[in-house]
Amino acid sequence: MNRNRFKPELTGWQTAILSAGIVCLTCVLCIAEETPFEDSKIQRWPAFQGAGATAIAAESIPLVWSPQENIAWQTEFPGKGQSSPVIWGDRVFVTSIEGAMKNDCHVVALDLATGKLVWDFKTASSQPVRANYFQSRSAPTPVVDARHIYAFFETGNLMALDHAGKKIWSRSLTDDYGEFEVRIGLAASLTQTADTVVVLIDHEGPSYLLAVDKQTGKTKWKTERFSRQSYASPTVLKVNQADHIVCSSSGSIDGYDPTTGKQLWMFEEVGGNRACTPISFGDGKFLISASPGMHDERLADAKKSNFAMQVKRVGEEYQQTILWKTNNAMPSFGSPMVHQGLAYWVNKVGVVYCFDVATGKQVYIKRLRQSCWATPFGLGDRVYFPGKDGLTTVIAAGREFQELAQNELFDGATAAGDADLKRREEAARKPRSTQRSERNSGGRSRTRNGLIFADPVQYGYAAVNGSLVMRTGSKLYCIRKLVPVDRQEKTVKVSSREGDSQ
């Protein structure tokens, strides 16, 4: 980046780290002594939903941005992807898939300050399958620690690279345990402990939860699961002050011992929970969420499967209790989250449901201008809602709905979102018999150019003090408080070299 073009505003936030930090996706950021990282002072967003992230000063992240304001850089990289970026120190890491048959897997490292390519590692896919807009593409988010970045792809590739882009180990899960039997791909992100990477493989073939040694790539344990079609990610949560790996996935919620893989408890009175990650709001307390599906095919199950749950150890057993439930708030892909005692759900047409997390009492229902595929995140006195079509709505945290800003990531974001909502409204006004007929004839929900996943879609994000990094299918954008010297955008394009970093 040309340093004479923008001057970051650093004054005031460096010494104002908030004790609460940022609450995002999983709505919990682990404090230093709870994270599996050697250097607690390193600024980091090391995993999906910010698990293990360092605290963020609210005033260090802009309230407003646009293509002409507060976007420090944007970088285009090879291939496409739906995973979230991760951050460690001065590096941003992101994954993507390239080729008509998902031929190549990329792990890319960028400089956080400038967006400049540091390296791009490319390797051939283990299980090439046809790529299209209706399949997940590089959807699993990687994890990073002080030594390595660990990446998993829906084609079966699992690998560890050092921070310089050198391969430490790699393996093919499809070679080891059989090819994946999926309709639209795998999407479960990795989770981690101090010495272990955990992979959830839920598909129509033999499903399993796998723990891999970070240093060697060898299997530490593998626990069989019943076959199911699901895209939900596992997470590490506290239950009675002990770590449990918790999976909410297509028909059950399961807790596992992260050391042995032993299943500790199971709750099966749930359905439609194929995408959202359990969201912690206290020891043993978390939010569970389920989607009705693209055509409401799982509506009945989803209506009973959005709730707050508590798991307690009673003697040698674990007891699961539903604290409260909502029958109307049902998301699409993003998980619900908790910020300052309030729980937020966003449904597929952008309606926000706000609840008191302690009681389940509804606080308000309001509609945004776009639906959200990424989970909202809370920061200080604000809550950010990243819209699918690139419009991020910022509201005031609290019991009164107050819109603070609407921020376009790229030109045309607002118009695209408005067109999508208009289409959904028109579809909803049709008689149910017509809707059923269109579904039975193969009709699909469609957006830009008739393709629901067509770029640009705002998928995920990562944040550290002073920087919010947003991801579309083929670009990363860094949002930062800037004093503009000129208003021209800085765009960087990335090339690749096969089988190595550059």
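To start: is Asp 356 buried or exposed? Asp 356 is buried, because its relative accessible area is 14%, where buried means under 20%, exposed means over 50% and partly exposed is in between, with a 1.4 Å probe and protein chains only.

Before going on, how the values were made. This is a predicted model, in which local features need pLDDT of at least 70 and side-chain atom pairs count only at pLDDT 80 or more, while totals for chains, interfaces and linings use all residues. Residues are numbered from 1 along each chain as its sequence is written, and side-chain values use heavy atoms, with hydrogens and water left out.

Back to Asp 356. Its side chain meets that of Arg 399 in a salt bridge, at 2.5 Å from N to O; the term requires a side-chain nitrogen of Lys or Arg within 4 Å of a carboxyl oxygen of Asp or Glu. Asp 356 is in strand 27 (residues 351-356) and Arg 399 in the loop between strand 31 (391-396) and strand 32 (403-408), so the pair ties together parts that are 43 residues apart in sequence. Strands here are DSSP runs of E with at least two residues, numbered from the N terminus. Arg 399 is partly exposed, at 47% relative accessible area.

How many salt bridges does that rule give? The count comes to 18. Another one is Asp 202 with Arg 228, at 3.8 Å, N to O. Asp 202 sits in the loop between strand 14 (196-201) and strand 15 (207-213), and Arg 228 in the loop between strand 16 (219-225) and strand 17 (235-239), 26 residues away. Both Asp 202 and Arg 228 are buried.

Then Asp 381 and Arg 382, whose side chains form a salt bridge at 3.9 Å, N to O. Asp 381 counts as exposed because its relative accessibility is 52%, whereas Arg 382 is buried at 17%. Shared partners also join Asp 202, Arg 225, Arg 228 and Asp 254 into one salt-bridge network.

Four strands form an open antiparallel sheet in the order 9-10-11-12; strands pair if DSSP finds at least two bridges between them. Strand 9 (143-144) and strand 12 (167-172) are at the edges with a single partner strand each, so one side of each has no neighbour in the sheet. Val 143 has Tyr 150 in strand 10 as its bridge partner.

Last, Ser 280, in strand 21 (residues 279-282). Ser 280 is buried, at 12% relative accessible area.
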